[in-house]
Amino acid sequence: EIAPGAVEKDAAIHVLEKRRGSEAMLVLGDSANDAAMFRLRNDPNMRAMAGLVLHRDSALKLVDEVDCVSFGMANVSPHIRALLAARRHLRKTS
């Protein structure tokens, strides 16, 4: 969690991104309260990818809202590397 108190994670990420100007970022979540954060992947100014860490059945409804799904945090890294490589390749060819 990066957002204290009543600040939503997606709003906190917007503020942080304006300060940092990252080449790309990955947001990870595992429940419905992460849906707004996952929508950052649709913002062309954010350069964000969304990953669902599947820990529980209730998270299944979020599968269509993300770029990758992993079963547990230990399995996230290979997905991240593959997505970043694909995005770099697409930028070079477009």
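Buried means under 20% relative accessible area, exposed means over 50%, and partly exposed lies in between, with a 1.4 Å probe and protein chains only.

First, the ground rules. This is a predicted model, where local features need pLDDT of at least 70, side-chain atom pairs count only at pLDDT 80 or more, and totals for chains, interfaces and linings use all residues. Residues are numbered from 1 along each chain as its sequence is written, and side-chain values use heavy atoms, with hydrogens and water left out.

Start with strand β2, residues 48–53. Helices (H or I, at least four residues) and strands (E, at least two) are DSSP runs, numbered from the N terminus. Six of the six β2 residues are buried, so the strand is largely enclosed by the rest of the structure. Ala48, Ala50 and Leu52 point one way, and Met49, Gly51 and Val53 point the other.

Now its partners. Strands pair if DSSP finds at least two bridges between them. Strand β1, residues 25–29, runs parallel to β2, with five bridges joining them. Gly29 stands opposite Leu52 there. Strand β3, residues 68–70, also pairs with β2 in the parallel sense, over three bridges. There, Val53 faces Ser70.

Next, the core. A nonpolar core is a set of buried Ala, Val, Leu, Ile, Met, Phe, Trp, Tyr and Cys residues joined through side-chain atoms within 4.5 Å. The largest one has 15 residues, and Ile13, Val27, Phe38 and Leu52 have the most contacts inside it. β1, α2 (35–38) and β2 each supply at least two of its residues. Leu52 touches, among others, Phe38, Leu62, Val66 and Val69, leaving aside residues up to four places away in sequence. Contact here means heavy atoms within 4.5 Å.

Which salt bridges turn up? Three, in a search of the whole structure. The criterion is a side-chain nitrogen of Lys or Arg within 4 Å of a carboxyl oxygen of Asp or Glu.

Lys9 pairs with Asp34, closest N and O atoms 2.3 Å apart. Lys9 sits in helix α1 (residues 9–20) and Asp34 in the loop between β1 and α2, 25 residues apart. Buried or exposed? Lys9 is buried, and so is Asp34.

Arg56 pairs with Asp30 at 3.1 Å. Arg56 is partly exposed at 40% relative accessibility, and Asp30 is partly exposed at 23%.

Arg41 pairs with Asp67 at 3.2 Å. Arg41 lies in the loop between α2 and β2 and Asp67 in the loop between β2 and β3, so this pair ties together parts 26 residues apart in sequence.
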